[in-house]
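I opened this notebook page to record what I looked up on charged side-chain pairs and on strand order. The entries follow the sequence and the model shown here.

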Amino acid sequence: MKLVPLGDRVVLKQQEAEEKTKSGIILTSKTQEKPQEGEVVAVGPGGMVDGKEIQMTVKAGDKVIYSKYAGNEVKLGEEEYIIVKQSDILAVVTE
C-alpha cells in the first residue's frame, strides 16, 4: 500500500523519540516528547486549494520541522506516518 496525499498535504515519517537524554538519563515512553521533525515521504500536487493557488515547495526526502499539534497520525501496515498541510511545515533542515 502507498499513501498519496491530495491538495497541499504532505506525508511525513516521524522521527523516533529520544530514549535517553544527553546526560544519559533513560526516559520512559510517558516522558518522551514526540519530536516535531520528520522526513517527507510524499507530496500532494498543490494547485487550487480553498480558492488560492498553492505551489508545493517541499519534496520527498526533505527533513522538515512542523508545528507541534499539526496533522493527523496514520498507521499503514507497521509504519506510522503523519499527514500535514504544507503550511504546517515551519522549516526544511539542511546540512
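Entry 1. I note at the outset that the model is a predicted one. I searched the whole structure for salt bridges, and the search returned four.

Entry 2. I then asked of D8: is it buried or exposed? D8 counts as buried because its relative accessibility is 7%, and the cut-off for buried is under 20%. R9 has a relative accessibility of 33% and therefore counts as partly exposed.

Entry 3. I turned to K13 and asked which residue forms a salt bridge with it. The partner is E79, and the closest N and O atoms are 2.8 Å apart. E79 belongs to strand β7, residues 79–85, and K13 to strand β1, residues 9–14, so this pair ties together parts that lie 66 residues apart in sequence. I recorded E79 as partly exposed because its relative accessibility is 33%.

Entry 4. I looked up K63 and E39 and found their side chains joined in a salt bridge, at 3.4 Å from N to O. K63 lies in strand β5, residues 63–66, whereas E39 lies in strand β2, residues 37–43, so the pair links parts that are 24 residues apart in sequence. The relative accessibility of K63 is 37%, which places K63 among the partly exposed residues. E39 has a value of 34% and is also partly exposed.

Entry 5. I next asked in what order the strands form the sheet. Six strands make an open sheet with antiparallel pairing, in the order β6-β7-β1-β2-β5-β8. Why is one side of β6 and of β8 left without a neighbour in the sheet? β6 (72–76) and β8 (89–93) stand at the edges, and each has a single partner strand, so one side of each has no neighbour there. I also noted that neighbouring strands of this sheet are turned against each other by 40 degrees on average, direction ignored.

Entry 6. I returned to β1 and β7, the strands that hold K13 and E79. β1 and β7 pair in the antiparallel sense over four bridges. I checked which residue V11 stands opposite, and found I83 in β7. I therefore record two links between these strands: the strand pairing and the salt bridge of E79 with K13.

Conventions: Residues numbered from 1 in each chain as written. Predicted model: local features only at pLDDT ≥ 70, side-chain atom pairs only at ≥ 80, totals over all residues. Heavy atoms only, no water. Buried < 20%, exposed > 50% of the residue type's maximum accessible area, 1.4 Å probe, protein only. Pairing = 2+ DSSP bridges. Axes fitted to C-alpha atoms, helices over the stretch in contact; angles between N-to-C directions.
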